[in-house]
Amino acid sequence: MRAVFDANVFVSAALCPEGIPGRLVALFLGERPPFELIVSPAIVAEVERAFTYPRVRRYLKQPVDEWLDDLLLLAELVEDSALASPASEDPDDDKYLAAALSGRAAVVVTGEGDLLRLKRHEGVRILSPRAFLSLVRST
């Protein structure tokens, strides 16, 4: 199974490794990851930008540079692309759907309400981290 994580999933995983996003990242970094992670340059840029925010840096318990490098080394990078027409209430979130389509991902994992309300876009399921963890554990 191939999946795209939104920036908030990465940030939540770094801030709270024992939480559900952190457990998803740990599964991905494990010996036999149950899913492939798809990223695009736009997603990477947003994640890196989020880690520079003072309100995020203040709560980081560990440096994230190596952690993020490990994730990106194992993830599949797809080119940035755009959707034919906007899908999300927040057009900035369309990059996740575009990366999923480019990378043939089955799932976008997000905590963003506007994306979650879509539930599905062109065959790509949109799930919360909790729902994705349940799906991964059931397969």
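**Figure 1. The largest pocket in this predicted model has a volume of about 190 Å³.** Of the 14 residues lining that pocket, A7, N8, E46, A50 and E112 sit closest to its centre. Sorted by class, the lining counts 6 nonpolar, 1 polar and 7 charged residues.

**Figure 2. Helices around the largest pocket.** Which helices each supply at least two residues of the lining? They are helix 1 (7-15), helix 3 and helix 4 (54-57). Helix 1 gives the most, handing 3 residues to the lining of the largest pocket.

**Figure 3. K95 and E46 meet in a salt bridge.** Here the side chains come together with N and O at 2.6 Å. K95 belongs to helix 6 (residues 94-102) and E46 to helix 3 (residues 41-50), so this pair ties together parts that are 49 residues apart in sequence. Are these two residues buried or exposed? K95 counts as buried because its relative accessibility is 13%, and buried means under 20%. E46 is buried as well, with a relative accessible area of 17%.

**Figure 4. K95 has another partner, D92.** What separates the closest N and O atoms in the salt bridge between D92 and K95? The gap is 2.9 Å. D92 has a relative accessibility of 41%, so this residue counts as partly exposed. K95 itself, at 13%, counts as buried.

**Figure 5. E36 and R2 join two strands through a salt bridge.** The side chains of E36 and R2 meet with N and O at 2.9 Å. How accessible are the two ends? E36, at 40% relative accessibility, counts as partly exposed, while R2 is buried with a relative accessible area of 12%.

**Figure 6. The salt bridges as a set.** How many salt bridges does the structure hold? There are 4. Among them are the pairs E36 with R2, K95 with E46 and D92 with K95. Salt bridges that share partners also join R2, E36 and E76 into one network.

How values were computed:
Residues are numbered from 1 along each chain as its sequence is written. This is a predicted model: local features need pLDDT of at least 70, side-chain atom pairs count only at pLDDT 80 or more; totals for chains, interfaces and linings use all residues. Side-chain values use heavy atoms; hydrogens and water are left out. Helices (H or I, at least four residues) and strands (E, at least two) are DSSP runs, numbered from the N terminus. Buried means under 20% relative accessible area, exposed over 50%, partly exposed in between (1.4 Å probe, protein chains only). On a 1 Å grid over the protein atoms alone, a cavity is a set of points where a 1.4 Å probe fits but cannot get out, and a pocket is an open set with protein on both sides within 12 Å along at least five of seven lines; lining residues have an atom within 4 Å of a point. Grid points are joined across faces, edges and corners, and a volume is the space filled by probe spheres set on the points. Ala, Val, Leu, Ile, Met, Phe, Trp, Tyr, Cys and Pro count as nonpolar, Asp, Glu, Lys and Arg as charged, and the others, Gly among them, as polar.
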